[in-house]
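Have the sequence and the model open side by side while you read.

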Amino acid sequence: MKKIRAIVITGNGTNCETEAAHACRLGGFDEAVIAHIAEILSGEVRLDDFHFLNLTGGFLDGDDLGSAKAQANRLKHAGVTGTGEKLVEQFTRFIGAGKLILGVCNGFQLMVKMGMLPGFDGDFLTQRTTLTFNDCGRFQDRWVYLKADAASPSVFTAGIEQGIYLPMRHGEGKFLCDSPATLERIEREHLAVLKYSGPDYEAATMEFPLNPNGAQNAIAGLCDPTGRLMGLMPHPEAFVHYTQHPRWTREELPEEGDGLKLYRNAAEYVRKNLV
Amino acid sequence: MAHRIEVALKGSVRDARGERIKREIEHFLHLAADEVRTIDVYTVDAALTPEELQQAAAGPFSDPVIQEWSIDRPLAAGFDFAVEVGFRPGVTDNVGRTAREAVEYLTGRPFAAGEGVYYSVQYLLKGAFEVADVEQIATGLLCNTLIQRYSVLSAADFMAKRGFAPTAPKVQAEAKAEVREIDLNVSDDELLHISKEGVLALTLEEMRIIQAHYRDTQVVAERATVGLGANPTDVELECLAQTWSEHCKHKIFSGTVQYEDEEGNKQEIKSLFKSFIQRTTRDVRAKLGDKDFCLSVFKDNAGVIKFNDQQSLVFKVETHNSPSALDPYGGALTGIVGVNRDPFGTGQGAKLIFNTDVFCFADPFYAKPLPARLLHPRRIYEGVVEGVEHGGNKSGIPTVNGSLVFDERFAGKPLVFCGTAGIMPREINGQPSHEKSIKPGDLIVMTGGRIGKDGIHGATFSSEELNENSPVTAVQIGDPITQKRMFDFLIRARDKALYRFITDNGAGGLSSSVGEMAGECGGCRMDLAKAPLKYPGLNPWEIIISEAQERMSLAVPPERIDEFLTMATRFGVEATVLGEFTDNGVFHILYDDRTVAWLPMAFMHEGLPPLQLPAKWEPPRHAEPAVEIKGDYSGDLAALLGALNICSKESVVRRYDHEVQGGSVVKPFSGVANDGPSDAAVVRPILESFEGVVTAHGICPRYSDIDTYHMTANAIDEALRNYVAVGGSLDLVAGLDNFCWCDPVLSEKTPDGPYKMAQLVRSNQALYDICMAYNLPLISGKDSMKNDFYDGSTKISIPPTLLFSVIGKIEDARTAVTMDVKRPGDIVYLLGKTGDELGGSEYFALKGAIGNKVPLVDTGRAYRRYQAYHQAVTRRLVASCHDLSDGGLAVAAAESAFAGGYGMSLELSRVLWKGDMAGKSDATLLFSESASRHLVTVHPERREEFENVMSGNCFASIGVVTPEPVLAIVGLNGAAVVRAGLAELKEAWQKTLREL
């Protein structure tokens, strides 16, 4: 059987590469390579050799120009040594080949600011939405309940009936759209995969701290119309085992954490469709 | 010419930053503000075309969804005053640096020398302000004038001048590279003047030793061979001042103490460090025999112990008090990213796995006048909290454990303790990872940030009390991203064996790092003209002692240098060869071809005789308050829960990422609503394994008012009992000591030096006694000995404070225990005995008293009980466990109950008592802070097995967990003495700091 391969990009302030790679391996990927952006820009590592790209959490360039802004600029303009191509071309080729991308936290901010999401009509380079400072004005580390949209095309959340419980850890996670039309289309096409909710996963909520940042329509996660590209503010890679749950010493929990489902779904999709 | 790119939020978008400033104006300055909005300003001083400027503004500098931009045209409208705040020349400007890199990617052209991008923020204030109000807002809130500059324009002036003119805060300096010689053939007064004037912090005796060295004819002859005269150069004098500073040399801990106790017994102690700290470790290791787990102690930047057969743990805790007093944000940020470099620069280099923080502040609600130079405690609180937040979060290292301690005397100097642990393979490339060496001929390489005037005299200024003339240059601002890039590169270089030795550039800069490295092989030759500078105009002495951040010094074998430098370039990290290591016994510094310093290594490192320190212990006597007898202590309990030292710190802790890296097992908060205060942290550093690292700490400066011996004993016990509570193993646990003292050296300024020195001796005595009893080797530590403020009239000395941190192991993290009660019907046990020990307690503090009966630690009984309890944890017999500390049994019971969401019914008559029965009362049983106690709950079906495991130890069942959300405690006479709803207790505990 052919190997399925995941890549996690790190460097310039990415912090969650180790646990993201761990989650990929637990989820069923034969290989999860942590590649420094320098190794990609030098041509040593090529995105083309992988099936699943992880853009994960951290503070790219310190979020100095707004979260992930500097990296979005770098990816758009930097060239890959010895190939004559810009890095952004490797990205569009990767998307064009029907492969999977998951952006978590800073990675989600990056996808949104590059325009990879919501990716209307196959346009992955026009920014229509953003993630900005939490209404509470501060970085927050707390766990949140995320109601899943069962009708969403997202490959990653397939089979999640009600919702999942994950930690969020960010200062800039408030989701906003450039226009009511964008928001309306996101909702109509069920692209708002995950929304902040109460513990029963019944209804989306704007109430702090359940909704920790004041996101429009309580949107915590977004996918493109193909479902192969997805981003979310909370951290699925940080809940793959019960010992990561804040109340594991007092609740009966299954061995696997809620976040692992996203990586299992990715691995299954790759095995079925891409090898 | 420079251009201003302004970026503003679109009118409809909420300005969270502006709202926060508005709240602070109202809260801190008691001024009414209608609205505050903010604009980001990028001053671009570079040759860009108009199209390129537009691309930068529309691209990386702004977010099209929420922002609008302009070039050389003000966006501000609808305000009464505008205040613009930017950095002073030469201060680290992280946003400016990132903006510059973004423009370089955009144009494909690197900036030319002297070009740059500078960041500032424009605050638009709306409200009925006077000019003086706006000045107060600018200097009191928006701008720290030490590192930032500001300008104010009224709306009318703004219109007339068409906004602010572009300002590029370039360092205006000419390339000079001057070296001065200093004539030491002068009077004693003159010698002291030279030291004071130059912020050298050298005493008259030390100046005389240097004077004598330069009068030595052999020294003069040798100097002549390298072209130097008989007088020291400024480079030499500065290097000696750094190397001999209290900060670097620990002169108090290595001095000779004449100690006299309260009975007149006299004792000479040669070096507290050797006599107590090193001896503790040596004797504990000998006692442990083949169970010794220490790998590298005291000799490296951090201590190293075994984790398992494949991995080692590294841990260091540092303080950054003086810089945090001047610039709380920058000082604390530098504190955390600075201590990160210690474990990273230990052995061959470690991957960093967690941070810990402990802050000691004065009351943030302090409402009395303060001396002019001191910042308000609330501002220090805000700045420090935010600095550590940015440093820790951006570096991707979880902050897993910490505390906030309050005492009015910390207004004189706040204490900012930052710790970092790392992990490294036991062997790297076939060599033990905790060892490293340098060979003559290896190249001196500096990596990371560039050198500027920031942090000059940091080491020497923190070796003096804070005063009105403390130097501005001592402050630095950290840059976590430059450091992260460097670490990403170096950890990969480590695995390819591209260097032989690594160390941190901290206090004293290159003079310390390369000075110490040269000690490894016996000399060095370094050319300061090769050092990369942030801007021209630095003199050689400034280059060698600058404490500019984010730099590591390495020894690279010549045959690996090409690969090292190529890889550095690829990872975007600056690396520069500055010279080579030698074995000729000389610290030899050049600037181009000219020798600017020639110091024999022996003189530099061993030329200083020990300080002579008198110490006399006279136990203080405080009024002994009568303990109030009442029928109901519920009100006292609620007041204690709301006390600053006990109340919830959630508003701070939630701002720290405690889960990045994915290994968090016991988090800072436990319980049904994720908000109960955990005793210690458990982390899995290797995600494929269930072996856990446990860390905890103890700190109780209040007890120093009675006796520092017991302050220390209780701090160590508190650290270990927190560690034990969550399930830490007693077979693999080590300690770190961080002493923060007020100046204990007898002088005109410090007439009570002998008492403060005696306090230090007694603290060290306890350190040895308790660590020996608990089998706790000390693996690293630090002392900060000048935590006083003195402006000529007011002196504020901090209470002597020991932070004791522990790091150890839990074999299976899945057996860890948290502090929240788990279910009704569980039996409540109190492990350990309670005595009449309210001296220095939070309860007495609430009543405005100190008392005398400080808790005494009975290490023999406690250690056996901790061992038995650990057996119970390993066998999974314990449902919850909470340590008893500030506020005693009543506070611990309330916290466990409201964290778990179930009530507790307790009987004080069942609590085991020790000592004089006369002192036994409901109040002492509820609030005494007797050491070594745990409150444990056990499911009824585990009762027998638990009691068997614990048999032979002092413990008693004192009640039961109840379904009603009420804490009910019955007193000695059978009537209720506490009865309070959990919601009400929790609210009392949470409300104090909720809004901060």
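The points below start with chain B as a whole and then move to particular residues.

1. Ground rules. This is a predicted model, so to speak with conditions attached: local features need pLDDT of at least 70, side-chain atom pairs count only at pLDDT 80 or more, and totals for chains, interfaces and linings use all residues. Residues are numbered from 1 along each chain as its sequence is written, chains are lettered from A and ligands numbered from 1 in the order in which they are written, and side-chain values use heavy atoms, with hydrogens and water left out.

2. Chain B overall. You'll find 31 helices and 41 strands in chain B; helices (H or I, at least four residues) and strands (E, at least two) are DSSP runs, numbered from the N terminus. Its C-alpha trace spans about 85 × 75 × 60 Å along the principal axes.

3. Of the 996 residues, 66% are buried. Buried means under 20% relative accessible area, exposed means over 50%, and partly exposed is in between (1.4 Å probe, protein chains only). Chain B exposes about 33,600 Å², with carbon and sulfur atoms supplying 49% of that area; accessible areas come from the Shrake-Rupley method with a 1.4 Å probe, and for residues only the protein chains shown count as cover.

4. Contacts and charges. Take the contacts in chain B between residues at least 6 apart in sequence: 82% of them join residues at least 24 apart. A contact here means heavy atoms within 4.5 Å. As for charges, the mean positions of the 102 positive and 134 negative ones in chain B are 3 Å apart. Lys and Arg count as positive and Asp and Glu as negative, while His and the chain ends are not counted; each charge is placed at NZ of Lys, CZ of Arg, CG of Asp or CD of Glu.

5. Aromatic pairs. Over all chains, a search of the whole structure finds 33 aromatic pairs. One of them is A:Trp143 with A:Tyr165, a tilted pair with 5.1 Å centre to centre and 50 degrees between the planes. A:Trp143 sits in strand S6 (residues 140-148) and A:Tyr165 in strand S7 (residues 163-170) of chain A, so the pair ties together parts that are 22 residues apart in sequence. For the terms: rings of Phe, Tyr and Trp (its six-membered ring) pair if their centres lie within 6.5 Å, and planes under 30 degrees apart count as stacked, over 60 as edge-to-face and the rest as tilted. A:Trp143 counts as buried at 9% relative accessibility, and A:Tyr165 does at 4%.

6. A ring cluster. Ring pairs also link A:Trp143 and A:Tyr165 with A:Tyr145, A:Tyr201 and A:Phe239 into a cluster.

7. B:Leu613. This residue lies in strand S24 (residues 612-616) of chain B and is buried, at 2% relative accessible area. Which residues does B:Leu613 contact, leaving aside its neighbours within four places in sequence? They are B:Ile252, B:Gly255, B:Thr256, B:Val257, B:Gln258, B:Val745 and B:Met757. B:Leu746 is 133 residues from B:Leu613 in sequence, with 7.5 Å between their C-alpha atoms.

8. B:Ala918. Is B:Ala918 buried or exposed? At 67% relative accessibility, B:Ala918 counts as exposed. You'll spot B:Ala918 in the loop between strand S37 (903-907) and helix H29 (922-927) of chain B.

9. Around helix H5 of chain A. Nine of the nine residues in H5 (residues 106-114) are buried. A:Cys105, in the loop between strand S4 (100-104) and H5, has a positive phi near 55 degrees, and it isn't glycine. A:Gly115 follows H5, with a positive phi near 95 degrees.

10. Cis bonds. The A:Leu117 to A:Pro118 peptide bond is cis, with omega near 5 degrees. So is the one from A:Phe208 to A:Pro209, with omega near 0 degrees.
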